[in-house]
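The sequence and structure come first, and the description follows.

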Amino acid sequence: TVDLSTEKFRILGGNTTGKEKVSQTPLERLMIGSKIAILWPDDDEYYPCVVHSKPTNSGHVYHVIYEDGVEETVDLSTE
């Protein structure tokens, strides 16, 4: 079981690989269009956003767009 209180981001829905396995990490399930929420530690709050794009050969770096229109490029392996 994953302790969501320690997770840096959560998958809320939308696109995922469609071939999820219990052993897959949340990062392995992400796709363009996935709805996620990223923890902002200073606010102690998760903010919903959509994975908009992923630069080629970028590891776990994604471009996300938050519900309020703010855009950010984040490394989700460190978020």
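Buried here means under 20% relative accessible area, exposed means over 50%, and partly exposed lies in between (1.4 Å probe, protein chains only). By that scale Ile11 is partly exposed, with a relative accessible area of 24%.

The structure is a predicted model, in which local features need pLDDT of at least 70 and side-chain atom pairs count only at pLDDT 80 or more, while totals for chains, interfaces and linings use all residues. Residues are numbered from 1 along each chain as its sequence is written, and side-chain values use heavy atoms, with hydrogens and water left out.

**Confidence and overall layout**

pLDDT is the predictor's confidence in each residue, from 0 to 100. Its mean over the chain is 76, and 73% of the residues reach 70 or more. Helices (H or I, at least four residues) and strands (E, at least two) are DSSP runs, numbered from the N terminus. Confidence is lowest in strand 1 (residues 9-16), with a mean of 66, and highest in strand 4 (residues 61-66), with 92. Over residues 1-5 pLDDT stays under 50, and the model has 3 contacts for them beyond four places in sequence; contact means heavy atoms within 4.5 Å.

The chain has 1 helix and 5 strands, in the order β-α-β-β-β-β from the N terminus on. Of its 79 residues, 24% count as buried. Among contacts between residues at least 6 apart in sequence, 29% join residues at least 24 apart. The accessible surface, from the Shrake-Rupley method with a 1.4 Å probe, for which only the protein chains shown count as cover of residues, comes to about 5,300 Å². Carbon and sulfur atoms account for 50% of that surface.

**Strand pairing**

Two strands pair if DSSP finds at least two bridges between them.

| Strands | Bridges | Facing residues |
|---|---|---|
| Strand 2 and strand 3 | 6 bridges | Ala37 opposite Pro48 |
| Strand 3 and strand 4 | 4 bridges | Val51 opposite Val64 |
| Strand 4 and strand 5 | 5 bridges | Val64 opposite Glu72 |

Strand 2 and strand 3 form a hairpin with 4 residues between the strands, where Asp44 takes a positive phi near 50 degrees. Most residues other than glycine have a negative phi. Asp44 sits in the loop between strand 2 and strand 3 and counts as exposed, at 65% relative accessibility. The hairpin of strand 4 and strand 5 also has 4 residues between its strands, and Gly69 in the turn has a positive phi of about 95 degrees.

**Nonpolar core**

A nonpolar core is a set of buried Ala, Val, Leu, Ile, Met, Phe, Trp, Tyr and Cys residues joined through side-chain atoms within 4.5 Å. The largest one has 12 residues: Phe9, Leu27, Leu30, Ile36, Ile38, Cys49, Val51, Tyr62, Val64, Tyr66, Val74 and Leu76. Strand 2 (30-40), strand 3 (45-53) and strand 4 are the elements that give two or more residues to this core. In soluble globular proteins, nonpolar side chains tend to be buried together.

Residues up to four places away in sequence aside, Val64 touches a set that includes Ile36, Ile38, Cys49, Val51 and Val74. Val70 is also among the residues that Val64 touches.

**Individual residues**

Val70 lies in the loop between strand 4 and strand 5 (71-75). Its relative accessible area of 40% makes Val70 partly exposed. Beyond four places in sequence, Val70 is in contact with Val64 and Ile65. Val70 and Cys49, 21 residues apart in sequence, have C-alpha atoms 9.1 Å apart.

Ser34 belongs to strand 2 and counts as buried, at 0% relative accessibility. A polar atom of the Ser34 side chain lies 2.9 Å from the backbone oxygen of Met31.

Key:
Polar contact = N/O pair within 3.5 Å; in protein donor to acceptor, adjacent residues only side chain to side chain.
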